[in-house]
Amino acid sequence: MEKFRVLKTPAVPLPEEDVDTDQIIPARFLKSTSREGFGENLFRDWRYDSEGNPIKDFVLNNDKYAGKVLVAGRNFGCGSSREHAAWALYDYGFRAVVSSFFADIFKGNALNNGLLPLQVSDEFLKKMLADIKEKPSTLVKIDLKDQRISLEDGSSEEFKINSFKKMCLLKGYDDIDFLLSQKDKIKEFEQQHVEF
């Protein structure tokens, strides 16, 4: 996974509430066990009509919006527990999703796959969406080390994150990478506690 330090990027607004994992990546695209290739079907039924033509009004088809941050409405990632939803968002190019509430399983899946689910207050989320709508080039700055999200006008908010998952994101580790990084300590512990 990529190391996550400071991200400064425009953002894509998706003010819909209660976006579930089937809307993020429809079940008919879950035939692969590899994490790659899911981005092309991210929000498939919202991005394309039944004949595969882009739906002009959908935000991912709108050239004025781009960036590595998706700013979504409340209760993002609800529904089924499919990890593919986090894979699809990451494969598309998002490195963070901002919302005022995340479903717990989605939040865990995102963190395990290098995607930061950043929870802000309802008020800050409303301001972000308004600023991005008014000025699509608005830059969002996410400083993971300081746990702060900021907008161009100086407004900012602190966010919470599990300290272990924060360390993993900062170092670009998944859970296996973390265990491998500890192998010398594990070996030393085993040698000290082996009974003969």
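## Tour from Asp22

Start by selecting Asp22, which counts as partly exposed at 37% relative accessibility. The model is predicted, so local features need pLDDT of at least 70 and side-chain atom pairs count only at pLDDT 80 or more, while totals for chains, interfaces and linings use all residues. Residues are numbered from 1 along each chain as its sequence is written, and side-chain values use heavy atoms, with hydrogens and water left out.

**Stop 1: the partner of Asp22**

Asp22 and Arg82 form a salt bridge, with 2.9 Å between the closest N and O atoms. The pair connects distant parts of the chain: Asp22 sits in helix α1 and Arg82 in the loop between β2 (69-72) and α3, 60 residues apart. A salt bridge here is a side-chain nitrogen of Lys or Arg within 4 Å of a carboxyl oxygen of Asp or Glu. Helices (H or I, at least four residues) and strands (E, at least two) are DSSP runs, numbered from the N terminus. Is Arg82 buried or exposed? Arg82 is buried, at 17% relative accessible area.

**Stop 2: further salt bridges**

How many salt bridges does this rule give? The count is seven.

Select Arg28 and Asp45. Their side chains meet in a salt bridge at 2.5 Å, N to O. Arg28 lies in the loop between α1 and α2 (44-47), and Asp45 in helix α2, so the pair ties together parts 17 residues apart in sequence. Arg28 is partly exposed, with a relative accessible area of 45%. Asp45 is partly exposed too, at 43%.

Go on to Arg74 and Asp122. These side chains also form a salt bridge, at 3.6 Å from N to O. Arg74 is in the loop between β2 and α3, and Asp122 is in helix α5 (residues 122-134); the two are 48 residues apart. Arg74 is partly exposed at 36%, and Asp122 is partly exposed at 42%. Then select Lys127, Asp131 and Asp153, which salt bridges with shared partners join into one network.

**Stop 3: helix α3**

Show residues 84-92, helix α3. Seven of its nine residues are buried, so α3 is largely enclosed by the rest of the structure. Which residues of α3 are buried? They are His84, Ala85, Ala86, Trp87, Ala88, Leu89 and Tyr90. Their cover includes α1, β2, β3 (96-99) and α4. Follow the chain on to Gly93, after α3: its phi is positive, near 125 degrees.

Zoom in on Ala86 in α3. Ala86 is buried, with a relative accessible area of 1%. What is Ala86 in contact with, leaving aside its neighbours within four places in sequence? The list is Phe106, Asn109, Ala110, Asn113 and Leu115, where contact means heavy atoms within 4.5 Å.

**Stop 4: helix α4**

Select residues 104-112, helix α4. Its buried residues are Phe106, Asn109, Ala110 and Leu111. What do they pack against? The partners are α1 (21-24), α3 (84-92), β4 (116-119) and α6 (163-171). Just after α4, pick Gly114, which takes a positive phi of about 80 degrees.

**Stop 5: a charged patch**

Lys3, Arg5, Lys171 and Lys185 form a positive patch. Patch residues have over 30% relative accessible area and no salt bridge; like charges are joined within 9 Å, and nonpolar side chains (Val, Leu, Ile, Met, Phe, Trp, Tyr) within 5 Å. Arg5 belongs to the segment before β1 (6-14). Arg5 is partly exposed, at 47% relative accessible area.

**Last stop: the whole chain**

Zoom out. The protein chain holds eight helices and seven strands. Its C-alpha trace spans about 70 × 45 × 25 Å along the principal axes. Of its 196 residues, 44% count as buried. Among contacts with a separation of 6 or more, 65% are between residues 24 or more positions apart.

Key: Buried means under 20% relative accessible area, exposed over 50%, partly exposed in between (1.4 Å probe, protein chains only). Accessible areas come from the Shrake-Rupley method with a 1.4 Å probe; for residues, only the protein chains shown count as cover. Lys and Arg count as positive and Asp and Glu as negative; His and the chain ends are not counted. The place of a charge is taken as NZ of Lys, CZ of Arg, CG of Asp or CD of Glu.
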